[in-house]
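The tour goes from the whole chain to single residues, one selection at a time.

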Amino acid sequence: MDRWYKPYAALWITLLVGGTLVIIMALLGAEVYGDVVDEQGLASLDLPALQLSQDLRSPALDTAVTAFTNVGGGVGMPILASILTAWLTFLSRTWRPIILVGGAAAVSTLATTVGKRLVGRTRPDHSEAVPPYESSPSFPSGHTLNTTVVIGVLVYIMCLQFEILWARITAISAGVIFIIAMGLSRVFLGHHWLTDVMAGWFLGLAWVGVVILAHRLFHLLRKREHAGPAPTFEHPVLRDDQTG
């Protein structure tokens, strides 16, 4: 236990500190929002972006975008994340995907809840949006933030799992396109302002960076402490202990 305590303690402490920083960033983002919403700052992009979205809408495109944005919602994203996490867990034969994706998603959900309750920003009017309508606070975009975190961490794990360059490039490209498209879909449908989506991207990427840093730190400390390989399904304890 002593050989495992320090590496895992460092991992969880880093994740805890990183999660706290993300919550603080949500609070700071709320303060920034209060400063720029009535000024010629980033919020000046909101109305033009909404107007452009309205000009691009059509019945067929509205239906397609609505179906896509549902993938990033409270039902679609957990299902997608569970499938991909289970697949990566099976391939790697370790608990790493479950720990990283589960921990990262929990913090991103908390950050979304805190940000929305603190700011209480109103979404675009229903007359300017595509049904089904949403009534929860607008800032930050939960679809965008949670998608950025979950997909970002999954892409990181895929890059660790697959050493072939083209596989990594494909995973990164697909992840980036998915994250950007999910955020823009929220603006297109009139469910969020553009600044809500931008906040989701920035906060999500910050938290993904913290998770990756924590994971790399974990392995660095394991190596320094000579703790051996992480437990796998076949070897739930240290292999050195089993071989004597």
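**Whole chain**

Start with the cartoon view of the protein chain, which has nine helices and zero strands. Helices here are DSSP runs of H or I with at least four residues, strands are runs of E with at least two, and both are numbered from the N terminus. Read from the N terminus, the order of elements is α-α-α-α-α-α-α-α-α.

The model is predicted, so local features need pLDDT of at least 70 and side-chain atom pairs count only at pLDDT 80 or more, while totals for chains, interfaces and linings use all residues. Residues are numbered from 1 along each chain as its sequence is written, and side-chain values use heavy atoms, with hydrogens and water left out.

The accessible surface of the protein chain is about 12,900 Å², and carbon and sulfur atoms hold 70% of it. Accessible areas come from the Shrake-Rupley method with a 1.4 Å probe, and for residues only the protein chains shown count as cover. Of the 244 residues in the protein chain, 45% are buried. Buried means under 20% relative accessible area, exposed means over 50%, and partly exposed lies in between (1.4 Å probe, protein chains only).

Next come contacts, meaning heavy atoms within 4.5 Å. Among contacts in the protein chain with a separation of 6 or more, 81% are between residues 24 or more positions apart.

**Helices α4 and α5**

Select residues 76–92 for helix α4 and residues 96–119 for helix α5; their axes come within 8 Å and cross at roughly 150 degrees. That crossing makes α4 roughly antiparallel to α5. Axes are lines fitted to C-alpha atoms, for helices over the stretch in contact, and angles run from 0 to 180 degrees between N-to-C directions. Angles under 35 degrees count as roughly parallel, over 145 as roughly antiparallel, 65 to 115 as roughly perpendicular and the rest as oblique.

Show side chains at the contact: T85, L88, T89 and S92 from α4, and R96, P97, I98 and V101 from α5. Sorted by class, the contact of α4 with α5 has four nonpolar, three polar and one charged residues. In this sorting, Ala, Val, Leu, Ile, Met, Phe, Trp, Tyr, Cys and Pro are nonpolar, Asp, Glu, Lys and Arg are charged, and the others, Gly among them, are polar.

Now select R93, in the loop between α4 and α5. R93 is not a glycine, yet its phi is positive, at about 60 degrees. Its relative accessibility of 29% makes R93 partly exposed.

**Two cis peptide bonds**

Move to the loop between α5 and α6, where P132 is found. The peptide bond joining P131 and P132 is cis, with omega about 5 degrees. P140 is also in the loop between α5 and α6. A cis peptide bond leads from F139 to P140, with omega near -5 degrees.

**Helix α3**

Which residues of helix α3 are buried? Select residues 59–69 and pick out D62, V65, T66 and T69. These cover an arc of only 105 degrees around the axis, which puts them on the same side of α3. The arc is that of the directions from the helix axis to the C-beta atoms. An α-helix has 3.6 residues a turn, so residues three or four places apart point the same way. Turn to the other side of α3, where A60 and T63 are exposed.

Zoom in on V65, which is buried at 14% relative accessibility. Not counting residues up to four places away in sequence, V65 touches S185, F188 and L189. V65 and S185 are 120 residues apart in sequence, but 6.2 Å apart in space, C-alpha to C-alpha.

Then select S185, in helix α7. S185 is buried, at 5% relative accessibility.

**Last stops**

The C-alpha atoms of I180 and T147 are separated by 9.5 Å.

Finish at L203, in helix α8 (residues 194–225). L203 is buried, with 7% relative accessibility. L203 and L145 are 58 residues apart along the chain, and their C-alpha atoms are separated by 6.7 Å.
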